[in-house]
Amino acid sequence: MKILCAIKRVVDANVNVVVKNDGSGIDLNNVKMSVNPFCEIGVEQAIQLKEAGIADEIVAVCVGSAKTQEQVRVCLALGADRGIIVDAPDDLEPLTIAKVLKAVYTKEQPQLVIFGKQSIDGDNSQTGQVFAALTDLPQATFASDLSISDNLATVVREVDGGLQTLQVPLPMVLTTDLRLNVPRFASLKNIMMSKRKQIDVLSAEELGVVLERRTETLRVDRPPARSAGIVVKSIDELVSKLRDEAKVLP
Amino acid sequence: MSTLVIADHDNSELKPVTRNTLKAASEIGDEIDVLIAGCECSSVVQSIVNLGVARTVHVADAPYFEHAIAENVTAIVVQLAPAYQHILTAHTTTGKNFLPRVAALLDVQMISDIVEVLDATTFKRPVYAGNGIATVKSNDTTVVLSVRGTAFDPIVPGTLATATNTLDSATFPDPSPTTHIKDELAQSERPELNNAKVVVSGGRALGSSESFAFLEELADSLGAAVGASRAAVDAGYVPNDMQVGQTGKIVAPELYIAVGISGAIQHLAGMKDSKVIVAINNDPDAPIFQLADYGLVADLFEVIPEFIRQIKEGS
Ligand SMILES: Cc1cc2nc3c(=O)[nH]c(=O)nc-3n(C[C@H](O)[C@H](O)[C@H](O)COP(=O)(O)OP(=O)(O)OC[C@H]3O[C@@H](n4cnc5c(N)ncnc54)[C@H](O)[C@@H]3O)c2cc1C
């Protein structure tokens, strides 16, 4: 079984992002970039399926600029077998990214396509589902547990009310939630070995996809600021402030 | 210009967040229809009729809508879509599951998690865990939106007579190949996290599920919902549906009490629009104090019993 893992290059989760003063967006100068944490969980899941003898090839694919080489390499060092980069601007919309990935899917014919449930920059939570619709595949989103046997995936999903278990026939689309697994660190040996793994760079043109845009981001502002309030000394003082000043207690 | 709102429900009750979604829809235009896709969901239909804000409620009632499987719900929405310029649902795990599929089949770029309607095609939405608020304009002919419930008041009931349009099951789509196995849903007497007036949340510092019972007592004395940080959920102290944050639930209660939570940006993303924030933490430098209205630097195990006692005494 072949697994395709879609990955995104994003600002690292530990960076304090700064909105530019002119409202034109987030300041990305000299900011640490990483594999989107949810995508990394997806790659880890694929590796575990390979270790369990269920998968035999893992392809990591990224739609983005040449800079995404770094993140695709990380996935290869973790255990993906090869990489694909579809050369494109870094800020494409989910619909266009999914169209590009559909073309890659048609070429590669994987049985399982794994996405992160959201990327921590745009926070859209769309690409996996859009891709599933375009390829007419069933989906299991927000997965916190996965087992596969006889071409059937059993997936536990994190939903607002608790957990939901679905059984989905392959080929299918999975999107990962935080508790699916804890990604490993790449060993030095694997980092060295990954340098020999192949990354193919494709163009959207050769895949027959037009990189269009349907929305315009007019500006990005800082959220209304919240300033620190006061420090109280005791529960006594806290309760009386909540009653008499904030009026949120009876 | 007419709008379709897909209701969020559990087949017996309309989820309150639907009213917030309807409010967002009303800021776009007056002509609002609702779709209820479910199974034996007549009480949900009645709730929409009673609300008196929709022209028509479309009812797709069939066994395979029972668990809101994304492929099934998508197909029925896509059938109705040509009559609408706007299609909205709540940014819940149900909405996030099917709405992007709808947008894909309509060849539309959906706009997720809107917090403000500026005009019929321009919206505000948070990005980067709420560190930025983007103003986004859609150039698609159909505008597909998911709505952050806490950013809109619930719609005020109206007097509109709502027609019921029962969809013909012969037109229903072929069912998804997916089989629903089971739901394990939290049963709780407490208010729902999403729309509670008071939320008490605990973090890693609680150390065990037994200690969380302690916070539950505080919550119950306040009539509050209980939330948690990711660290507390990952450690298994509480189930996943309690996680507040960028990748969990978004809450904006009148009062949010964070106990033993450091205030990581991903947690703040889920609660910083609360009206009053209280933080109890033994580290005076914990980031949560930078946005708390009232901070108490203390060991939670020492002060929570006293907090419970004073609340119980006062009420
Ligand atoms: C992709 C991604 C998504 C994430 N999504 C979320 C999310 O949705 N929600 C979320 O919450 N987190 C999320 N996180 C995790 C987040 O970054 C933090 O790791 C997490 O919020 C920390 O939880 P905490 O505050 O409980 O734990 P800690 O950061 O360990 O804080 C514990 C706090 O308790 C205090 N403390 C210790 N003992 C006591 C005591 N006896 N009395 C009082 N105080 C005490 C400490 O001073 C400390 O401040 C995400 C992270 C990533 C990378």
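## Chain contact and ligand site

The contact takes 61 residues from chain A and 70 residues from chain B, two residues being in contact if their C-beta atoms, placed from the backbone, lie within 7 Å. This is a predicted model, in which local features need pLDDT of at least 70 and side-chain atom pairs count only at pLDDT 80 or more, while totals for chains, interfaces and linings use all residues. Residues are numbered from 1 along each chain as its sequence is written, and chains are lettered from A and ligands numbered from 1 in the order in which they are written.

On the side of chain A that touches chain B, E9(A) gives the most, with eight residues. Helices (H or I, at least four residues) and strands (E, at least two) are DSSP runs, numbered from the N terminus. E9(A) runs antiparallel to strand E11 (residues 179–185) of chain B, joined by six bridges; two strands pair if DSSP finds at least two bridges between them. In E11(B), Glu184(B) stands opposite Leu163(A).

Around the ligand there are 30 residues, the closest being Gly203(B), Ser229(B), Arg230(B), Gly245(B) and Ser262(B). A residue is near a molecule or strand if its C-beta atom, placed from the backbone, lies within 6 Å of it. The site is shared between chains because the residues that surround the ligand come from chains A and B. H6(B) gives the largest share of the shell, three residues.
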